[in-house]
Amino acid sequence: VFYDRFILGKWVAAEGRVYEGFSSENIISSKRLSERLGESRLALSVIGVDYGGNGSASAFVHVGFDAGFKNMYVLSEYYDSRNRSAESLISAFAEYAAREKERFPMLNCACCDSAEQLLVKSFRRAVRMEVKNALKRPINTRINMLNRLISAKRFYVLDECPHVIEALRGAVWDERDIHKDVRLDNGTSNIDSLDAMEYAFERYEKQLFGF
């Protein structure tokens, strides 16, 4: 699809998996992560946050970038489909952020879905780090960014993040609209972890790709 579009200049409909290039090669152990970071330490990391509601789950995904933004790593995740209350979500975020900050002192900020400003304000009071509104760039812009990283072998997920891995493997295009690229979002796959991950990296296109 990408070759036909961007090299040959032809329109072709996307079908099947959204992240066709994602495979076991993109999944690494904590030992392998330590080895890779020994060669090029993390320079910056960000937590992306997507809230649950209307049948969806709440998800936090911690994403890190090594020196020069050469590679991107999914370092950890939080996933809760129960969504018991706003208070429980705020508490979970505070605990998660504190734990990740201790593990990775370069943790810079959290980028949250801007749809719930009361939760954003509560998160800001609950943690000692900057909490920003996610840019919420077009979904396909975020998809294209990640597919570029995957194809260039610059994207890795820690094997302790099963929900992110499942989401990447399970994301498919919506076959009902063959004239647009629409990621299927009907509750049959985990879009929440993908949104959270994308909120963490979407603002760094210039650093990742040099423009």
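Because the model is predicted, local features were considered at a pLDDT of at least 70 and side-chain atom pairs only at pLDDT 80 or more, whereas totals for chains, interfaces and linings use all residues. Residues are numbered from 1 along each chain as its sequence is written, and side-chain values rest on heavy atoms, with hydrogens and water left out.

The protein chain contains 8 helices and 7 strands, these elements being DSSP runs numbered from the N terminus (H or I over at least four residues for helices, E over at least two for strands). Of the 211 residues in the protein chain, 48% are buried, where buried means under 20% relative accessible area, exposed means over 50%, and partly exposed lies in between (1.4 Å probe, protein chains only). Among contacts in the protein chain with a separation of 6 or more, 65% join residues 24 or more positions apart, a contact being defined by heavy atoms within 4.5 Å.

The 7 strands of an open sheet follow the order 1-7-4-3-2-5-6, with mixed pairing; two strands are taken to pair if DSSP finds at least two bridges between them. Strand 1 (27–28) and strand 6 (130–133) are the edge strands, each pairing on one side only. Strand 7 (residues 155–158) pairs in the parallel sense with strand 4 (residues 72–80) over 3 bridges, and Tyr 73 stands opposite Tyr 156 in strand 7. Strand 7 also pairs in the parallel sense with strand 1, over 2 bridges, and here Ile 27 stands opposite Val 157. Both faces of strand 7 are covered, with Phe 155 and Val 157 buried on one side and Tyr 156 and Leu 158 buried on the other.

Helix 3 (residues 86–103) lies across strand 2 (42–50), strand 3 (58–66), strand 4 and strand 5 (107–112), and runs at about 20° to strand 3. For such angles, axes are lines fitted to C-alpha atoms, for helices over the stretch in contact, and the values run from 0 to 180 degrees between N-to-C directions.

Helix 7 (residues 192–201) contributes 3 residues to the lining of the largest pocket, which is the largest share. Leu 168, which is placed in helix 6, counts as buried because its relative accessibility is 0%. Although Leu 168 and Leu 194 are 26 residues apart in sequence, their C-alpha atoms are 7.4 Å apart in space. Leaving aside neighbours within four places in sequence, the contacts of Leu 168 include Leu 194 and Met 197, as well as Phe 155 and Val 157.

The largest pocket has a volume of about 360 Å³. On a 1 Å grid over the protein atoms alone, a pocket is an open set of points with protein on both sides within 12 Å along at least five of seven lines, and lining residues have an atom within 4 Å of a point; grid points are joined across faces, edges and corners, and the volume is the space filled by probe spheres set on the points. The lining comprises 21 residues, of which Asp 50, Ser 56, Asp 185, Ile 191 and Asp 192 lie nearest the centre of the pocket. By class, this lining has 5 nonpolar, 8 polar and 8 charged residues, with Ala, Val, Leu, Ile, Met, Phe, Trp, Tyr, Cys and Pro counted as nonpolar, Asp, Glu, Lys and Arg as charged, and the others, Gly among them, as polar. Asp 185 belongs to the loop between helix 6 (162–170) and helix 7 and counts as exposed, at 58% relative accessibility.

Further loop residues were examined individually. Asn 71, in the loop between strand 3 and strand 4, is buried, with a relative accessible area of 12%. Beyond neighbours within four places in sequence, Asn 71 is in contact with residues including Arg 36, Lys 153 and Tyr 156. Lys 153 lies in the loop between helix 5 and strand 7, is exposed at 55% relative accessibility, and has a positive phi near 60° although this residue is not a glycine. Lys 136, in the loop between strand 6 and helix 5 (139–151), likewise has a positive phi, of about 55°, and is partly exposed, with a relative accessible area of 37%. Most residues other than glycine have a negative phi.

Note on methods: On a 1 Å grid over the protein atoms alone, a cavity is a set of points where a 1.4 Å probe fits but cannot get out, and a pocket is an open set with protein on both sides within 12 Å along at least five of seven lines; lining residues have an atom within 4 Å of a point.
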